[in-house]
Amino acid sequence: RVYGRQAAAVSEALRGAVSHLPVDINPRPPRRNSFEVSLVKEDGSTVELWSGIGKGPPRKLKFPQPETVVEALKSSL
């Protein structure tokens, strides 16, 4: 599925950017027809790195380029 491939690509890019970063894919059931990436900081706060909820159609706009998420991560750390 497209969601699985996109999630794998984004998680691989995040692990490559910050090697000690634990990456969980769907620790909670995902929202239907959405692709979101969040950073949970050590203090428990959450920072949204990507949300495709308000994007599209076309459907491909709902998925980020891995580099986009990595840049958002770096600016949030």
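These legends accompany close-up views of a predicted model.

**View 1. Helices α1 and α2 pack against each other.**
Helix α1 covers residues 2-17, and helix α2 covers residues 66-76. Two packed helices are described by the angle between their axes and the distance between the axes. Here the angle is about 40°, and the axes of α1 and α2 lie 9 Å apart. The two helices are therefore oblique to each other. As for handedness, the crossing of α1 past α2 is right-handed.

**View 2. Residues from both helices make the contact between α1 and α2.**
Let us look at the side of each helix that takes part. From α1 come Ala9, Val10, Ala13, Leu14 and Ala17. On the α2 side, the partners are Pro66, Val69, Val70, Leu73 and Lys74. Sorted by class, nine residues of this contact are nonpolar, one is charged and none is polar.

**View 3. The largest pocket holds about 1200 Å³ of space.**
Now we turn to an open region of the model. A total of 33 residues line the largest pocket. Asp24, Pro27, Glu36, Val37 and Ser38 are the lining residues nearest its centre. Three elements, namely α1, β1 (36-40) and β2 (46-51), each give two or more residues to this lining.

**View 4. Helix α1 gives the most to the lining of the largest pocket.**
The share of α1 in the lining is six residues. What classes of residue make up the lining of the largest pocket? There are 18 nonpolar residues, together with eight polar and seven charged ones.

Conventions
Residues numbered from 1 in each chain as written. Predicted model: local features only at pLDDT ≥ 70, side-chain atom pairs only at ≥ 80, totals over all residues. Heavy atoms only, no water. Axes fitted to C-alpha atoms, helices over the stretch in contact; angles between N-to-C directions. Helix = DSSP H or I, 4+ residues; strand = E, 2+ residues; numbered from the N terminus. Parallel < 35°, antiparallel > 145°, perpendicular 65-115°, else oblique. Left-handed = near helix turned anticlockwise from the far one by under 90°. Contact = heavy atoms within 4.5 Å. Nonpolar A, V, L, I, M, F, W, Y, C, P; charged D, E, K, R; others polar. 1 Å grid on protein atoms, 1.4 Å probe; cavity = no way out; pocket = protein on both sides within 12 Å on 5 of 7 lines; lining within 4 Å. Points joined across faces, edges and corners; volume = space filled by probe spheres on them.
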